[in-house]
Amino acid sequence: MSASEPTYAKSVPGASQGYAEWEAAGLRWLGEATAQGGARVVGVRDVAPDRLLLDRLTPAPPSVAAAEEFGAGLAATHLTGAPAWGAAPPGWEGEGWFGPASDPLPLEVGEWSTWGELYAVRLASLTRLAVDGGELTTAEAAEVDALGEHCAAGDFDTSDTPARIHGDLWSGNVMWTPDGVVLIDPAAHGGHREADLAMLDLFGAPHLDRVHAAYRDAAPLDDGWEERVGLHQLYPVLVHAVLFGGGYAGQAMRLVRALGS
């Protein structure tokens, strides 16, 4: 897109220090994969502490063709890989962020030897926040911690290597345009590719069955992926419990108990 074409200024006043730069770093990292057949990502024109200047996107109705192209493109993005489980975009220093720009939660980034070890750390952090905020009881937190121990022990690890994931891939961050799907608002890091797919499932998306089919045609998932969907959804559901309360804590505990059954 040329400098003369329309832009969109995303304001993030009051956001945690570094949030705009974190998002921009993730967009640029994901955007590098687009040249290798990866999913389209909104372009970053400029970044400041309180705002991002992005390419303006024109909305269009979702279509089956765009969904299938997106599924294959997302697979290609994931397969470009990341240096380690939990790796931040290149050059990023400090912790990352997950959640709305107005009130994001810290996202642990760094280098872990397995996905399960990374996930256990993240679950433990959220559990502490949920107990402190009154969303989970200490007994419920112990159930989440026990699941985290199983993760850390490798009980849910697969043959996957670290993928370059969007990290917050709910339907609101999937923009349908005349050129196809364009991704916005990531929490990009080296993670499990099943996490992006599970996040899409969590709140639904247009033509999701076609996205999944095209993805799996391009990059088949390990056996048992259906049983791991709830595991990957647990993190964003716990985030919602911490930020918004309501019924999200109950939903999180149902996921925990289903995984232990």
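Modeller: Gladly, and keep in mind that this is a predicted model. Take His-212: beyond residues up to four places away in sequence, it touches Leu-197, Asp-201 and Trp-225. His-212 sits in helix 6 (residues 208-218).

Biologist: Is His-212 buried or exposed?

Modeller: Buried means under 20% relative accessible area. His-212 has 9% relative accessibility, so it counts as buried.

Biologist: Which residues touch the most other members of the largest nonpolar core?

Modeller: They are Trp-22, Tyr-119, Leu-231, Leu-234 and Leu-238, in a core of 57 residues. Helix 7 (residues 225-244) supplies the largest share of this core, with 9 residues. Apart from it lies another core of 21 residues, including Trp-176 and Val-229.

Biologist: And how many aromatic pairs does a search of the whole structure find?

Modeller: The search gives 4. In one of them, the ring centres of Trp-22 and Trp-92 are 5.5 Å apart and the planes lie at 65 degrees, so this pair is edge-to-face. It links distant parts of the chain, with Trp-22 in helix 1 (residues 19-34) and Trp-92 in the loop between helix 2 (64-79) and strand 5 (96-98), 70 residues apart. Trp-22 is buried at 1% relative accessibility, and Trp-92 is buried at 19%.

Biologist: What about the pair of Trp-115 and Tyr-119?

Modeller: Their ring centres are 4.7 Å apart with planes at 25 degrees, so that pair is stacked. Trp-115 and Tyr-119 are 4 residues apart in helix 3 (residues 115-132), which means a separation of about one helical turn.

Key
Residues numbered from 1 in each chain as written. Predicted model: local features only at pLDDT ≥ 70, side-chain atom pairs only at ≥ 80, totals over all residues. Heavy atoms only, no water. Core = buried A, V, L, I, M, F, W, Y, C linked by side-chain atoms within 4.5 Å. Buried < 20%, exposed > 50% of the residue type's maximum accessible area, 1.4 Å probe, protein only. Helix = DSSP H or I, 4+ residues; strand = E, 2+ residues; numbered from the N terminus. Contact = heavy atoms within 4.5 Å. Phe/Tyr/Trp six-rings, centres within 6.5 Å; stacked < 30°, edge-to-face > 60°.
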